Structure formats: structure tokens, C-alpha cells
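Reader: I have a few questions about how this fold is put together. Could we go through them one at a time?

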Amino acid sequence: MRVLLIGANGYLGRFVADRLLADPAVQLTALGRGDDADVRFDLATGSPGALTRFLDAVHPGVVINCAGATRGGARDLTRHNTVAVATVCEALRRSGCGARLVQIGCSAEYGPSQPGSSTAEDAVPRPGGPYGVSKLAATELVLGSGLDAVVLRVFSPAGPGTPAGSPLGRLAEAMRRAMQSGDGELKLAGLGVQRDFVDVRDVARAVHAASLSAAQGVINIGSGRAVRLRDAAAVLARVAGYGGAMHELDAPPGPLRSAIGHPRAEAEHAVPVAYPYPDGCGSWQQADVRTARDRLGWRPRINLEESLADIWMEAACRI
């Protein structure tokens, strides 16, 4: 099976590439902006015609798009997350390769959800920030493209390679500095947030399964369990051997209120506001992962403690 992987050098893409390379039936070609890509191509600025010519030459059976941006202004996010996907969809429509598209989406497309609830794929998306909006627009492009395509909405990835700017990455770095300086007290913000963490290697397994399946539409990829960041910090402290006290700087999130712009008739269906959460997802997110189990035969295998141990190992080795 010929697979074209876009974004192989990104956080998720590296693990997807490793997973695919371990499959002897896969012939992998990596397309990206870096020098180490098999083919250099910038989806944000490249034309659909140029990508079509490449697709016709390589003739992949599956195209996996792990490329995108998580930071930046609305313009950059739109270019890298939405315009880029429009280019992929148009190139696939023009090409004669007939490839299946596996698009990596994000739980930020859903936005805030009711604490205690599990978000299923039929939930109405209400992204709370420009990143979620740009990813939702990409999902809509894929779903409306007429292609053989599936979108994997990945919740909060964790494990080796976790970006230093992510909540778990910042937590590990703060703990490393405290231990290095002998500080017996660690002051942290945002510990009341609850997120559905899924190991990046489990995400790679889901992408591999999706590339081999006939599933279409949107499929959630998560652990199915929300974890309070305060509890993740306690596990990380145990893994790291940090015995100091941890204090939360900010107060817990305020009460629920209706999302701005909702009709008065819907006021009883209150949802947490996006602010002040940088990812626009409010205080709570938890995935309903039954569709992944039923349609991909996928379940998460790696628990959060193992993911955190790998995050800590990398942080502890950082100079």
C-alpha cells in the first residue's frame, strides 16, 4: 500500500510515520516543508495543480494529513489549517489516483462542553477560539469534498515529544526547574482544567487503523476519561520524585452560562464559556470513543502514567 504522509515531522506526524514504517505492507512517502521530507511542498502556498501532478506520479492509495499549526494569529491558522486542507482536497479531486484521505482533526473543534458529559461525534461544534475554528473549517471541507475520507478528532495528545508549550509540557518544565533549584514549593495555574489525554502512540495506531478501514465521517480519538490537570500534576510529581508542595495560583472557573449568541429558548442548555482557557475548550472535555471502537477496532492502550513518565524523562534530560 502506497501512503503519502503530509506533516511527517510534526508532533503527531513523527509517530504516525514510525507506525507506518513498522508495517512491511506500507510504502511510505513523506511530503513536507522540511529538508528531510521526501518531497518538499508547502500546502499553505503551493497550488492544487502542482500537488495533483505529484499525486499522479506517486499514485498513493492513502493520503494522511498530519500537517497544521497550533499557534499564531487567525490568518496564519487559517492558511496552515484550512487553506492547506482545501489544497489537498482539490488536488485529490483532480488526481486520478483515487486515494483515501485521513485528515487529523482536533477536539478544539467542539469547544466547551458540559462538565461530566462525553462528547460524541454528533455534538454541535462550537469552537471557542481561532484554532478550533480553522480546524472545524478544514473538517467541513473534507466532509463536503465527496472524497473517500475520514476525520480523526484527536483530543489532548500526550507522551514522548509533547511540546513544551502544552499544559503537560509546561508542567514538566516547571517541575524540572523546581527540582533543579531545590525549590520545595511549586505554584501553578489552571490546575482545575479537565482534559481527555490520549497517548500520541495510541493516536498513531488509530491513524494506521483508519487508513486501512472503510470508515468515513468524523471519529473521536481519546481515552474516554477526563483527568484534572491537578491530578496529572500529582502523578507527574510521583514519577519525578518531587516531594514539594504544589499550590494553584488561580481560582476555579466561574459558573456556567449560556454561550453568547444562543437564542433565549436554548438558555437552559448552559455550557461553560471558553474564556479564560487558551484552547477555547472551557473547563472540561471528555471524548465518547465508542465510534473508534466500533468502526476502527481501536482502543487506547497506554495509560496516562506511562505518558507522563515519558514526558518527564525528556524534561529531566533537558539542559
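**Helices, sheet and overall size**

Reader: Which hand does the crossing of H5 and H7 have, left or right?
Author: Helices here are DSSP runs (H or I, at least four residues), strands likewise (E, at least two), all numbered from the N terminus. A crossing is left-handed if the near helix is turned anticlockwise from the far one by less than a right angle, and right-handed if clockwise. By that rule, the crossing of H5 and H7 is right-handed.

Reader: Before we go on, what kind of model is this?
Author: Residues are numbered from 1 along each chain as its sequence is written, and side-chain values use heavy atoms, leaving out hydrogens and water. Local features need pLDDT of at least 70, side-chain atom pairs count only at pLDDT 80 or more, and totals for chains, interfaces and linings use all residues, as this is a model that is predicted.

Reader: At what angle do H5 and H7 cross?
Author: Axes are lines fitted to C-alpha atoms (for helices, over the stretch in contact), with angles from 0 to 180 degrees between N-to-C directions. The axes of H5 (residues 167-181) and H7 (residues 229-240) come within 11 Å, crossing at roughly 45°.

Reader: And what do we call that arrangement of H5 and H7?
Author: Angles under 35 degrees count as roughly parallel, over 145 as roughly antiparallel, 65 to 115 as roughly perpendicular and the rest as oblique. That makes H5, relative to H7, oblique.

Reader: How many residues in the contact of H5 with H7 are nonpolar?
Author: Contact means heavy atoms within 4.5 Å; among the residues making it are Leu171 and Met175 of H5 and Leu236 and Ala237 of H7. Ala, Val, Leu, Ile, Met, Phe, Trp, Tyr, Cys and Pro count as nonpolar, Asp, Glu, Lys and Arg as charged, and the others, Gly among them, as polar. None here is polar or charged, and the nonpolar ones number twelve.

Reader: How far apart are the axes of H5 and H9?
Author: Met175 and Arg176 are among the H5 residues that meet H9, whose side includes Trp312. H5 and H9 (residues 304-316) pack at about 50°, with an axis separation of 9 Å.

Reader: Which residue in S5 stands opposite Val63?
Author: S4 (residues 62-65) and S5 (residues 100-106) pair in the parallel sense over four bridges. Opposite Val63 stands Leu101.

Notes
Pairing = 2+ DSSP bridges.
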